[in-house]
Amino acid sequence: MNPQKEKAKTSTPRKKKKIQFSKFYPDFLIERDWDRCIKCKICIRECTYEAHGWDQKRETLTEDHSKCVGCHRCEAMCPTGAITIRKHPSAFREHDTWKPWFIKNVYKQADTGGVLLAATGCAVPFRNYWDHLVLDACQVTNPPIDPLREPMELRTYLGPKPDKLEVVPEDGRFQLQTRIGPWIKLEVPIMFAAMSYGAISLHVHQGLARAAKELGTLYNTGEGGLHASLYEYGSNTIVQCASGRFGLHVDYLNAGVAIEIKIGQGAKPGIGGHLPGEKVTEEISKTRMIPVGSDAISPAPHHDIYSIEDLRGLIYALKEATEYKKLVFVKIAAVHNAPAIASGIVRAGADVVVLDGLRGGTGAAPTMFRDYVGIPIELALAAVDERLRQEGIRNQASLVVSGGIRCSADVVKAIALGADAVYIGTPALIAVGCTMCGRCFTGKCPWGIATNNPELIKRLDPETAFEKIYNLVHGWAHEIQELLGAMGLNSIESLRGNRDKLRAVGLNEVELRILGVKHAGE
Amino acid sequence: MAFEIDAKDLHYRELNKLLRQAIGKGEKHLVLKNVNGQRYVAAGVSAEVDIDIYGVPGLDLGAFMRGPRIRVHGNTQDGAGNTMDDGKIIIEGMAGDVVGYAMRGGKIFVASDVGYRVGIHMKAYMDKVPVIVIGGKAGDFLGEYMAGGVIILLGMFSRYPERPIAGIFLGTGMHGGVIYIRGGVPESQLGAALQIEETDEEDQNILRKHLQEYCADLGYNLDEVMAEKFVKIRPQTHRPYGKLYAY
């Protein structure tokens with residue numbers, strides 16, 4: 001055998017580097033002001049995507065624009081304000097159909113053959129109905145109320161309300177005969193939406209839990225189980241039961257005040273969840289009760305639920321297992337037939353129906369689902385509330401909505417359209433520093449939010465998370481009181497489903513009919 | 001002395017209340033008579049007790065339970081052992097669909113056939129390894145999305161000699177755990193991305209350990225059960241979606 005020949009045979013031919021079109025056109029430009037830069041290299045340390053580098057030979061900083069995700073971490077941390085992240089000015093020929101977004105997506109898929117992945121919520125500029133709804137205020141004929149001087153109640157009770165109350169006279173007084181509850185008392189009608197430990201860091205969970213406690217509201221564990229350190233916040237906790245049933249056991253079910261069956265989510269209706277193995281660290285593994293590094297897959301359906309009857313089966317299995325002490329929420333994505341589905345959910349015995357709209361956020365969803373599946377929450381909410389009223393079952397369950405609530409006025413409008421309370425997810429994350437760069441699924445969140453990398457989570461401590469989230473909701477709550485007072489209402493109960501307090505600007509007749517709202521001027 | 005509850009005409013809520021009360025009083029052995037479709041028997045019960053059930057329990061027998069040892073002297077409906085954490089369910093007859101959905105620990109022994117979607121999304125964690133042994137045949141989607149644990153399918157004690165040992169889409173989406181099948185299974189019944197392997201000595205030890213207990217519980221002959229070869233079905237990857245995305 002000729003050794004040389006043999007060697008030649010086994011040596012692999014030098015692989016030709018494949019051209020990657022998607023790397024040619026970065027989304028962002030890292031601009032460094034060299035007059036200000038002191039070459040302290042903080043930007044290199046802070047950037048988890050390695051967009052900043054150091055050229056040893058030239059002793060200078062370098063940038064790889066193609067790696068920049070636009071999180072602005074370097075810009076925020078630069079001690080001399082030398083960095084600006086801007087939209088990359090490189091432009092394609094203007095074309096209203098072939099916008100850069102579509103061109104770049106085609107490049108990405110041509111390069112990889114993969115499914116486009118995104119985070120946050122729907123990024124398509126569909127009509128935002130919140131922005132076409134305005135609120136009423138009192139003038140002259142009935143006076144506004146000043147919440148700083150007069151009592152203003154935001155307290156909300158979640159749970160089925162009885163069809164009627166029976167009272168009997170007893171010793172000259174009236175005694176309530178109807179059994180009420182269990183109900184959940186919220187001091188503000190704003191709860192924190194399901195975001196799993198795994199998708200977000202433990203510190204954010206700790207912050208949410210504490211904020212919920214101090215604010216008198218609830219946070220939601222999401223489907224990733226409940227970390228041992230959070231059991232103490234049980235009376236402010238909703239535990240979630242999704243199809244993967246991660247970390248779900250008797251203690252978990254009994255830990256909170258409610259159990260939410262997750263059927264769907266607004267960011268990705270009709271598909272399941274999936275925590276990539278990279279994010280399943282030691283602590284996540286313990287909480288989810290799955291091996292380290294294993295994909296955590298929640299299939300699209302619960303395979304024990306193929307019908308409303310099956311849903312009833314699970315609702316009552318959970319109630320029975322927790323001896324009827326917990327409320328059962330059922331969360332669905334807002335889809336075309338949401339009203340009929342919601343009716344089925346109420347009849348299946350759910351105490352609270354949760355509707356998550358088209359703009360609902362996520363840490364990871366196929367882009368096509370995030371952008372094009374589901375319907376806006378404003379329309380779904382109005383339609384569901386109306387349908388449940390028509391059927392005479394609106395009192396049998398509370399209605400919670402989420403997906404695109406951005407400010408306190410959105411909350412007020414949602415309640416006027418018929419919601420009992422809202423869930424917020426994205427605003428809570430923005431409150432702790434999220435810049436909506438939408439790369440949560442990489443596990444590299446430079447702000448320490450959507451990561452469980454032990455080094456990165458140090459960037460956001462639980463105390464700061466708590467303070468920021470608490471402040472946000474505290475501010476919103478006060479704004480809601482002001483808005484109520486301006487309308488001459490002194491309790492949120494008087495606003496619930498009170499669509500007369502809303503008027504629309506610039507909507508067509510179909511939209512007005514669905515929303516059940518008059519046009520401004522009417 | 002066993003504590004007896006007559007389930008005749010009892011709603012499941014009342015039946016479970018009596019059961020919980022008895023367990024609360026420290027009863028260690030309960031006998032439920034005339035069970036007839038009551039759902040959620042022993043759901044969420046966290047205790048070391050023996051429960052003998054005469055009749056046919058309904059949906060979600062022992063759902064979420066941690067600890068009880070349940071013996072059903074008859075068949076069960078769907079959802080037995082749904083998301084159970086620990087304990088044991090022995091079914092002397094047949095079981096319906098979705099047995100052991102997402103179960104994380106404990107054992108389910110079925111003497112005869114089971115329905116569709118059995119052992120879906122079972123998962124193992126640390127020392128918790130759930131086990132389902134089926135004496136008869138299984139419907140479609142056995143072990144779908146399975147992430148851990150052990151399913152053993154014997155196909156010996158079936159009411160349906162004409163059927164294949166397992167339905168189609170066996171182990172679809174499986175990304176952990178193992179399914180053992182006595183005498184093999186036609187490849188046409190399998191989901192994608194799975195491999196059928198011969199069993200080795202370690203497998204034989206696992207099989208012997210579980211089947212010994214199974215045969216003792218159900219009065220089957222271990223030698224007869226072990227007389228045939230078993231095959232092992234495992235997923236090719238525990239990261240089925242690792243390369244799915246572009247970003």
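**Burial, pairing and contact in a predicted model**

Me: A:Ile200 sits in the loop between strand E11 (190-192) and helix H5 (202-215) of chain A. Why does A:Ile200 count as buried?

Reply: This is a predicted model, and within it A:Ile200 has 30 C-beta neighbours inside 10 Å. Being buried requires 20 or more other C-beta atoms within that distance, and therefore A:Ile200, with its 30, counts as buried.

Me: Which residues is A:Ile200 in contact with, once its neighbours within four places in sequence are left aside?

Reply: They are A:Met195, A:His205, A:Ile449 and A:Ala450. Two residues are in contact if their C-beta atoms lie within 7 Å. For a pair described by another distance, take A:Ile200 and A:Tyr306, which are 106 residues apart along the chain and whose C-alpha atoms are separated by 30 Å.

Me: What makes helix H9 (residues 338-347) of chain A a place to look for buried residues, and what covers them?

Reply: In H9(A), the residues A:Ala338, A:Ile341, A:Ala342, A:Ser343, A:Ile345 and A:Val346 are buried. The cover over these buried residues includes H8, strand E17 (327-333), strand E18 (352-356) and helix H11 (377-390) of chain A. After H9(A) comes A:Gly349, which has a positive phi, near 110°.

Me: Into which domains is chain A divided, and where do their bounds lie?

Reply: Domain 1 of chain A covers 21-89, and domain 2 covers 156-161 + 186-519. Their C-alpha centres lie 36 Å apart, while 9 residues of domain 1 are in contact with 7 residues of domain 2. On the side of domain 1 that touches domain 2, the residues divide into 4 nonpolar, 3 polar and 2 charged.

Me: How many residues does each chain bring to the contact between chain A and chain B, and which element of chain A gives the most?

Reply: Chain A brings 30 residues and chain B brings 38 residues. On the chain A side, at least two residues each come from helix H4 (100-112), strand E5 (115-118), helix H6 (250-255) and helix H8 (308-321), and H8(A) gives the most, with 5 residues. The residues of this side divide into 14 nonpolar, 11 polar and 5 charged.

Me: What makes E12(B) and strand E19 (365-366) of chain A the edge strands of their sheet?

Reply: The open sheet of 3 strands has the order E19(A)-E5(A)-E12(B), with mixed pairing. E19(A) and E12(B) are edge strands, as each pairs on one side only.

Me: Why does the radius of gyration of chain B agree with that of a compact globule?

Reply: A compact globule with 247 residues would have a radius of gyration near 18 Å, and chain B has 18 Å, so the two agree. Along its principal axes, the C-alpha trace of chain B spans about 50 × 50 × 30 Å. Chain B has 3 helices and 12 strands, and buried residues make up 51% of its 247 residues.

Me: How do you know that both faces of strand E6 (residues 107-110) of chain B are covered?

Reply: In a regular strand the side chains alternate between the two faces of the sheet. In E6(B), B:Lys107 and B:Phe109 lie on one side, B:Ile108 and B:Val110 lie on the other, and all are buried.

Me: Which strands pair with E6(B), and over how many bridges?

Reply: Strand E5 (residues 86-91) of chain B pairs with E6(B) in the parallel sense over 4 bridges, and E6(B) also pairs in the parallel sense, over 4 bridges, with strand E7 (residues 131-134) of chain B. B:Lys107 of E6(B) stands opposite B:Lys88, and B:Lys107 also stands opposite B:Val131 in E7(B).

Technical notes. Residues numbered from 1 in each chain as written. Chains lettered and ligands numbered in written order. Predicted model: local features only at pLDDT ≥ 70, side-chain atom pairs only at ≥ 80, totals over all residues. Buried ≥ 20, exposed ≤ 12 C-beta atoms within 10 Å, placed from the backbone. Domains from an automatic or database assignment. Nonpolar A, V, L, I, M, F, W, Y, C, P; charged D, E, K, R; others polar. Rg over C-alpha atoms; globule rule 2.2 N^0.38 Å. Pairing = 2+ DSSP bridges.
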